[in-house]
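User: I would like to learn how to read a protein model. Can we go through it feature by feature?

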Amino acid sequence: MKKLAIMGAMEEEITPLLEYFTNITKIEFAKNVYYEARLGNLDVVIAYSKIGKVFSTLTATTMIEKFGCDTLLFSGVAGGINPKLQIGDLIVASKLTQHDLDITAFGHPYGFVPGGDIFVNTDEKLREVALEVAQENDIKLIDGIIATGDQFVADQKRKDFIYDTFKADALEMEGSSVAVVCDALDIPCLILRAISDTADMDAGFDFDKFLETSAKESADFIIKIIHKLK
Ligand code: ADE
């Protein structure tokens with residue numbers, strides 16, 4: 001690993017990372033800001049994409065193709081589906097899917113388009129590192145399925161659909177698109193999320209209340225992973 005990309009979707013998700021690094025250089029590209037920093041011998045590029053699959057695809061691709069990043073870590077928050085995941089708990093994605101990808105009218109399953117797969121995998125070695133970090137620091141970390149879509153889910157019926165269809169443990173709005181980019185470009189990636197809400201009728205309220213603290217849980221864990229990787 002020579003150059004590490006660390007991305008989030010919202011400013012709150014990368015603020016704790018920017019506060020951790022010193023000597024940051026700001027670069028503007030494609031209507032976004034990329035922050036370059038160094039940790040020992042490791043070059044790091046940090047950015048938040050803005051919310052959703054389109055912006056996160058653009059940012060992940062830019063970090064790899066323009067900035068030359070060869071490993072990508074995503075840090076942020078998610079809505080919990082698995083009842084074992086409480087607000088503040090961490091999940092690392094073993095595989096991800098797009099829950100709003102729907103060409104079922106043509107007989108295809110939800111999440112599938114020809115030439116793609118329903119699920120995209122993440123890097124097993126990075127996931128193992130994350131699980132080791134969790135164990136060493138006595139931090140609860142669930143290894144599970146994440147479903148991504150361009151919608152904030154605050155509805156029990158939609159949440160149930162996502163669980164019934166994909167057996168997803170958590171849902172958010174960027175992980176799957178980032179993982180698809182990394183898979184296509186052969187870049188190892190890790191998608192880490194801390195739960196900010198449980199995607200039900202209270203989700204909007206909980207999200208606003210817990211975004212900052214859960215984003216920091218995730219970012220602090222990412223910093224531990226970086227130290228283990230470098
Ligand atoms: N990210 C965090 N909570 C979410 C939710 N309920 N829906 C979509 N993305 C989220």
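User: Let us start with a single residue. Is Asn-82 buried or exposed?

Analyst: Buried means under 20% relative accessible area, exposed means over 50%, and partly exposed lies in between, with a 1.4 Å probe and protein chains only. Asn-82 has 16% relative accessibility, so it counts as buried. Asn-82 sits in the loop between β5 (71-80) and β6 (90-98).

User: What should I know about the model itself?

Analyst: This is a predicted model, where local features need pLDDT of at least 70, side-chain atom pairs count only at pLDDT 80 or more, and totals for chains, interfaces and linings use all residues. Residues are numbered from 1 along each chain as its sequence is written, and side-chain values use heavy atoms, with hydrogens and water left out.

User: Which residues does Glu-36 touch?

Analyst: Contact means heavy atoms within 4.5 Å. Leaving out residues up to four places away in sequence, Glu-36 touches Lys-3, Asn-23, Ile-24, Thr-25, Ile-27, Val-44, Val-45 and Phe-67.

User: Now helix pairs. At what angle do α1 and α6 pack?

Analyst: Axes are lines fitted to C-alpha atoms, for helices over the stretch in contact, and angles run from 0 to 180 degrees between N-to-C directions. Helix α1 (residues 11-20) packs on helix α6 (residues 203-229) at about 45 degrees, with the axes 8 Å apart. That makes α1 oblique to α6. The scheme is this: under 35 degrees is roughly parallel, over 145 roughly antiparallel, 65 to 115 roughly perpendicular, and the rest oblique.

User: Which residues of α1 and α6 make the contact?

Analyst: From α1 come Glu-12, Glu-13, Pro-16, Leu-17 and Tyr-20. From α6 come Leu-211, Ala-215, Lys-216, Ala-219, Ile-222, Ile-223 and His-227. By class, this contact of α1 with α6 has eight nonpolar, one polar and three charged residues. Here Ala, Val, Leu, Ile, Met, Phe, Trp, Tyr, Cys and Pro count as nonpolar, Asp, Glu, Lys and Arg as charged, and the others, Gly among them, as polar.

User: How does α3 pack against α6?

Analyst: Helix α3 (residues 124-136) and α6 pack at about 110 degrees, and their axes are 10 Å apart. That makes α3 roughly perpendicular to α6. Leu-126, Val-129, Ala-130, Glu-132, Val-133, Ala-134 and Glu-136 of α3 meet Phe-221, Lys-224, Ile-225, Lys-228 and Leu-229 of α6. The contact of α3 with α6 divides into eight nonpolar, no polar and four charged residues.

User: Why is α5 described as largely enclosed?

Analyst: Seven of the ten residues of helix α5 (residues 175-184) are buried, so α5 is largely enclosed by the rest of the structure. The buried ones are Gly-175, Ser-176, Ser-177, Val-178, Ala-179, Val-181 and Cys-182.

User: How do α2 and α5 cross?

Analyst: The axes of helix α2 (residues 53-65) and α5 come within 8 Å and cross at roughly 35 degrees. On the α2 side, the contact is made by Lys-53, Ser-56, Thr-57, Ala-60, Thr-61 and Ile-64. On the α5 side, the partners are Ser-177, Val-178, Val-181 and Cys-182.

User: What is in the largest nonpolar core?

Analyst: A nonpolar core is a set of buried Ala, Val, Leu, Ile, Met, Phe, Trp, Tyr and Cys residues joined through side-chain atoms within 4.5 Å. The largest has 35 residues, and those with the most contacts inside it are Met-63, Leu-72, Val-178 and Ile-191. A second, separate core of 29 residues includes Leu-17, Ala-37, Leu-190 and Ile-222.

User: Where does Asp-138 lie, and is it buried or exposed?

Analyst: Asp-138 lies in the loop between α3 and β8 (141-148). Its relative accessible area is 75%, so Asp-138 is exposed. Its phi is positive, near 55 degrees, in a residue other than glycine.

Definitions and conventions: Helices (H or I, at least four residues) and strands (E, at least two) are DSSP runs, numbered from the N terminus.
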